[in-house]
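This briefing is for a reader new to the structure. It covers a surface patch, backbone angles, a helix pair and salt bridges.

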Amino acid sequence: MSEQYNVTGMSCAACSARVERVVKKLPGVTSCAVSLLTNSMSVDGTASPEAIIAAIEKAGYGASLKLPEPSATISHTQEEDALADHETPVLKRRLIASIFFLLALMYFSMGHMVNLPLPAFFEGNHVAQGLAQMILAAIIMVINQKFFVSGFSTLLHFAPNMDTLVAMGSFASFSWSVYVLFMMTESGHTLGVHDFYFESAGMILTLITVGKMLEAKSKGRTTDALKSLMKLAPKTATILQNGREITVPIEQVMKGNTFVVRPGENIPVDGIIIEGTSAVNESALTGESIPVDKAPGDLVSAATVNQSGFIKCEATRVGNDTTLSQIIKMVSDAAATKAPVAKIADKVCGIFVPSVIAIAALVVTGWLIAGKSFGDALSYGIAVLVISCPCALGLATPVAVMVGNGVGAKNGILFKTAASLEETGKITIAALDKTGTITSGEPKVTDILTAGDYLEEELLKFAYSLEAKSEHPLARAVVDYAKEKGINAQEVTDFQALPGNGLSASLNDGSILTGGSVKFIGEKYSVSKNFMDASEKFSEAGKTPLMFVKDDELMGIIAVADTIKPDSKEAVKDLQDMGIHVVMLTGDNERTAKAIGHDAGVDDVIAGVLPDGKESVIRELQTKGKTAMVGDGINDAPALTRADIGIAIGAGTDIAIDAADVVLMKSSLKDVASSVRLSRATLRNIRQNLFWAFIYNVIGIPLAAGLWGLKLDPMFGAAAMSLSSFCVVTNALRLNLFDIHGGKR
């Protein structure tokens, strides 16, 4: 059983690693993933919420269980509030106040360097200058007390975090400066105003606050896609009650209610059209800008826009069951999970802060042994503390995952977990189901061959008259084609379905119409070799030839086939250009399968696969490489689950979608390649972030320690630390510019 929690008090990756470690130790917890980005946690297992919350609170953080909303409501107020940027306004106020007092502090500490005049009372009065600096630095420390409360609290719990580094650096600067101030009151002292570090104590806190604010602002933008989805949720609906139209809050719409939607209005809940026709813009859910024509019997989804006609619908899915709510849940849940690549950073973050504190202590000791004054040695140690940044490491993966997920959602591609977003780009084999994936899943007339003196229109009229009485998919293909051509059927009587795949009926003039498979007609009537050869060619091309006879005379052949989707060939080529081996799976006979596979351009065809045999085929393909299964039917569910990555075509069944790792809302095979591109771009972005985060610390810590003969002022270290996280988040935001349909592969 999986539960979602809100976690408060986390300030960096060391915090999230600590929370995760504490929860994983609890009996009954099978897995735990903490997201620093959304301050959320997902826990699988049998441990009680009370035990989990108690463990987190004991570790020095706050936690609360996310309560599910009632299924009859679609209000996303809680989620929107959780994603809202509450942090930036608070940090902005803190920053403005800090800068005001910091400018005054810099005036007293460094004004003399630029010949700024001091009040007469302070001229030459170094103790008074020190007192003024101490008071101003103390005010800045009070304004930014959160660093000290969080930092020293986690230190007492033996789980130091980034705030601990900042608090220790600032407090050490302040404490040393206070010591110097007291020493200056003694006669014969050798210390002066140049030994004060009050400005460092204030500057460190102010610069870190700048970085925190930039980081919070950028982090807020990573959830823009999710917030945009939530804003799409309609607030009201117009339902019919006792023949009257009533506008009600969306929460009051129940399954089975009849609602109406006028042109220009949003569709409030998922439903089925019972009256009227329209063109519906579904771009909010699928990313497809071209409106879709809708008629009675067609499904409509919440948050899509009715662009033309007046429609009356029956509510089929409301509240959290609507397509929009499911998409929001998928994107949100994916953000709360962790990509496999994040494990490296998590391990580092778990030991990072204690290691930095130990390094800082060694640096101070080392410089004291080397003969440096305590002030200088302390300066090196403080620089090490404030330049180190676990945040950049911790944010490297989740911000890229969140942005990548948002880009996918905007384009109708939904990754259920961070792992699926990472792993999709690693596939080397794509197994595509034929029916409904490569092909449309609906047979259509492809060829008409007439015999004797019969015209095409005559053959179609008689075939339409006969097939109109049948429910077979091939019959519907003939009927639909005849209707498109504007042909009218004749009345028939004595209709019967004959054993062996055939139909017969009588016309008003007493003529007998018969239609069916080549085998059935060939056994009952005389068919010339030319027409038998023609039917053979149709079969070789993957088409099903239907023969029609009037009395004993052959009228001709109508070939029917499940046609390839317009974009399937291009989609297959896209995958092959990306180095992916494309395999088609089908239950068709080998001859038909190869014909369709040839038209689609796939690398291999595996034919004659029974519905329960797809899973074993996928298992065999996995021995050759990381395999993705793309399908849409109920019989694809076991294969979708077995594959390394299961990709469901969005128009498919709910079972297939539930079993998949990735859902393509547009039902376009081209989006398989798009999902791979986006995954590869996201993984590339994560690696860039991790590289720069690691390199920053690898270079920054030795530099601050003075190992390269340079002395880095703690203030510059604080500035560098502030910018590191901001740069990582900004790099992740570049994914918003990535073209998933034709960008880098």
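W708 lies in the loop between α26 (670-705) and α27 (714-733). Helices (H or I, at least four residues) and strands (E, at least two) are DSSP runs, numbered from the N terminus. The model is predicted: local features need pLDDT of at least 70 and side-chain atom pairs count only at pLDDT 80 or more, while totals for chains, interfaces and linings use all residues. Residues are numbered from 1 along each chain as its sequence is written, and side-chain values use heavy atoms, with hydrogens and water left out.

**Surface patch**

- Together with V698, I699 and L707, W708 makes a nonpolar surface patch of about 440 Å².
- Patches are made of residues with over 30% relative accessible area and no salt bridge; like charges are joined within 9 Å, and nonpolar side chains (Val, Leu, Ile, Met, Phe, Trp, Tyr) within 5 Å.
- Accessible areas come from the Shrake-Rupley method with a 1.4 Å probe, and for residues only the protein chains shown count as cover.

**Positive phi angles**

- Most residues other than glycine have a negative phi.
- N242 is not a glycine, yet its phi is positive, near 55°.
- The position of N242 is the loop between β5 (236-241) and β6 (244-249).
- N242 is exposed, with a relative accessible area of 83%; buried means under 20% relative accessible area, exposed over 50%, and partly exposed in between (1.4 Å probe, protein chains only).
- D494, also not a glycine, has a positive phi of about 55°.
- Strand β17 (residues 493-498) contains D494, and this residue counts as exposed at 59% relative accessibility.

**A helix pair**

- Two packed helices are described by the angle between their axes and the distance between the axes.
- Helix α6 (residues 145-156) and helix α7 (residues 162-183) have axes that come within 7 Å and cross at roughly 110°.
- Axes are lines fitted to C-alpha atoms, for helices over the stretch in contact, and angles run from 0 to 180 degrees between N-to-C directions.
- α6 and α7 are therefore roughly perpendicular to each other; angles of 65 to 115 degrees count as roughly perpendicular, under 35 as roughly parallel, over 145 as roughly antiparallel and the rest as oblique.
- The crossing of α6 past α7 is left-handed, meaning that the near helix is turned anticlockwise from the far one by less than a right angle; clockwise would be right-handed.

**Salt bridges**

- A salt bridge is a side-chain nitrogen of Lys or Arg within 4 Å of a carboxyl oxygen of Asp or Glu, and by this rule the count is 17.
- E20 and K24 form a salt bridge, with their closest N and O atoms 3.5 Å apart.
- Because they are four residues apart in helix α1 (residues 13-24), about one helical turn separates E20 and K24.
- E20 is buried at 8% relative accessible area, whereas K24 is partly exposed at 45%.
- R677 pairs with D574 in a salt bridge whose closest N and O atoms are 3.9 Å apart.
- R677 lies in helix α26 and D574 in helix α21 (residues 568-577), so this pair ties together parts that are 103 residues apart in sequence.
- Both R677 and D574 are buried.
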